[in-house]
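Please walk me through this structure in the viewer. Tell me what to select at each stop and what is there.

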Amino acid sequence: MYYTDFKVDTVAGRVSFHDISSKIKDALKASNVKEGILVAATPHTTCSLYYDETMHDTNYFGDELLQVDISETMDKIAPRMTTEGQYHSPGPEHIAFGLSLGSKDYPAEKWTMLNTDAHLKASLYGGNSLTLIVHEGRLSTGSLGRVYFADWDALRERTRQVQIMVMGERQ
């Protein structure tokens, strides 16, 4: 078994998409696993991992056009939260809890909790983990398949974590 993790720096003001395929392949190589599985996971509740085809066209922010389509579709399902009361969550108990944390990751500002849309999007698209097959020392992802990390919480920049666990027979 092999474990590693890495950080992803996200942006503010829009959904933050990141192609993490090369970091995952680096972890697989370091593991020396020939046959098995690789699990990528994120502990963040407003983030998700997903597998999709790479697109060659990007917008001016560097987002692949398919990512723009995904983001726009998710905004139709769960519109960006812009004010308190727009969704049922967060309620007063959760706001009080959030304000009590007082850390750099959870600043004591009510506006930082206006991210219910991000929780909904992370729950609906992708997941907090993704499992890939390892065969003959390579990921079974096809020639255009990529692994992406999405931070749906557009309120502020953050440093996020992705964890990798590789299990199987070593070379």
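Start with β4 and β7, residues 145-151. This is a predicted model. The two strands pair in the antiparallel sense, over seven bridges. Now pick Tyr50: Tyr148 in β7 stands opposite Tyr50.

Next, bring in the rest of the sheet. Select β2 along with β7 and β4: these three strands form an open sheet, ordered β2-β7-β4, with antiparallel pairing. Look at the edges. They are β2, residues 16-19, and β4, residues 47-53, and each of them pairs on one side only. Turn the view and compare strand directions. On average, neighbouring strands of this sheet are turned by 30° against each other, direction ignored.

Now select residues 65-77, helix α2. The helix packs on the sheet and touches β2, β4 and β7. Its direction makes about 130° with that of β4.

Go back to β2 and select Ser16, which lies in this strand. Is Ser16 buried or exposed? Ser16 counts as buried, because its relative accessibility is 3%, and the cut-off for buried is under 20%.

Show side chains here. Which side chain makes a polar contact with that of Ser16? The partner is the side chain of His18, at 2.6 Å.

Last, display what surrounds Ser16. Leave aside its neighbours within four places in sequence; Ser16 is then in contact with Asp9, Thr10 and Val11, and also with Phe149, Ala150 and Asp151. For orientation, β7 covers residues 145-151.

Note on methods. Residues numbered from 1 in each chain as written. Predicted model: local features only at pLDDT ≥ 70, side-chain atom pairs only at ≥ 80, totals over all residues. Heavy atoms only, no water. Pairing = 2+ DSSP bridges. Helix = DSSP H or I, 4+ residues; strand = E, 2+ residues; numbered from the N terminus. Axes fitted to C-alpha atoms, helices over the stretch in contact; angles between N-to-C directions. Contact = heavy atoms within 4.5 Å. Buried < 20%, exposed > 50% of the residue type's maximum accessible area, 1.4 Å probe, protein only. Polar contact = N/O pair within 3.5 Å; in protein donor to acceptor, adjacent residues only side chain to side chain.
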